[in-house]
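The questions below take up helix packing and backbone geometry. Each answer ends on the value or name asked for.

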Amino acid sequence: MKDAFGAPQSLLVLGGTSEIGLATARRLIARRTRTVLLAGRPSPALESAADSLRTLGAEVRTVPFDALDTAAHGETLGKLFTDGDIDMVLLAFGVLGDQAHDEADPPAAVQVAQTNYTGAVSALLICAQALQAQGHGSLVVLSSVAGERARRANFIYGSSKAGLDAFAQGLGDALYGTGVHVMVVRPGFVRTRMTAGLDEPPLTTTPHAVATAIELGLRRRSETVWVPGAMRAVMTALRHVPRPLFRRLPL
């Protein structure tokens, strides 16, 4: 269960090597979280991530999980909830892809969409059902401001995040009043391994800043969190720019 400040005792991170996911886990462990499940493809990086959290005093277990293997999600994720209640699920997996390459390689574009959207839909529905059955819990979904309006530079990634964002909002409405809280997190450009080598735009943020915003959002029972907060005004303005002009912006 959560304390008065919204900190969960137990946390499941889908995307166990995600820098944002791990930053969030560290911040929550410092508050109250004692059990962390890191779900991801088996790898030395996943085990290293688990070891780093154990040094903070948490009980950490790694769980084999592949976003693309949706046929296995029910069994894999379902078993986790039979071992005891999970207070919070953080969906932190996703791929950026390579826009120029993926436009010319449809199977690659499809894999971006399947990872970011189809895999997320499967995992979220399974976890939502389990949280609803236990009567409490939070689903925190890492979306992106890229889903607010498709840009020429990354419309494959952006469209997948737009789908995820809309799905998560609808899921939140469907679960309203059940004891399950859904929070959509919309970061701007985050300085991580995934974005290494890319030009950093204004309002670039960090995994630590996103984790801080997630913790605050949990305390406030927020439904939508923008990181940084100024991105909300920026994206509101960009959504209303006429399309002919939008095409000409250096985005």
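Buried means under 20% relative accessible area, exposed over 50%, and partly exposed in between, computed with a 1.4 Å probe on protein chains only. This is a predicted model, in which local features need pLDDT of at least 70 and side-chain atom pairs count only at pLDDT 80 or more, while totals for chains, interfaces and linings use all residues. Residues are numbered from 1 along each chain as its sequence is written, and side-chain values use heavy atoms, without hydrogens and water.

Q: Is R221 buried, exposed or partly exposed?
A: R221 lies in the loop between α7 and β7; helices (H or I, at least four residues) and strands (E, at least two) are DSSP runs numbered from the N terminus. Its phi is positive, near 60°, although R221 is a residue other than glycine. With a relative accessible area of 47%, R221 is partly exposed.

Q: What is the phi of L203?
A: L203 sits in the loop between β6 and α7 and has a relative accessible area of 36%. Most residues other than glycine have a negative phi. L203 is not a glycine, yet its phi is positive, at about 70°.

Q: Which elements do the buried residues of α6 pack against?
A: Helix α6 covers residues 155–175. Its buried residues include I156, Y157, L164, F167 and L171. In contact terms (heavy atoms within 4.5 Å), the buried residues of α6 pack against α4, α5, β5 and β6.

Q: Are α5 and α6 roughly parallel or roughly antiparallel?
A: Axes are lines fitted to C-alpha atoms, for helices over the stretch in contact, and angles run from 0 to 180 degrees between N-to-C directions. The axes of α5 and α6 come within 9 Å and cross at roughly 15°. Angles under 35 degrees count as roughly parallel, over 145 as roughly antiparallel, 65 to 115 as roughly perpendicular and the rest as oblique. The crossing angle therefore makes α5 and α6 roughly parallel.

Q: At what angle do α1 and α7 cross?
A: Helix α1 spans residues 19–31 and helix α7 residues 207–220. Their axes come within 8 Å, and they cross at roughly 50°.

Q: Which term describes α1 relative to α7?
A: The axes of α1 and α7 cross at roughly 50°. That angle makes α1, relative to α7, oblique.

Q: What is the omega of the peptide bond from V227 to P228?
A: P228 is in the loop between β7 and α8. Most peptide bonds are trans. The bond from V227 to P228 is cis, with omega near -10°.

Key: Expected span 1.5 Å × (residues − 1).
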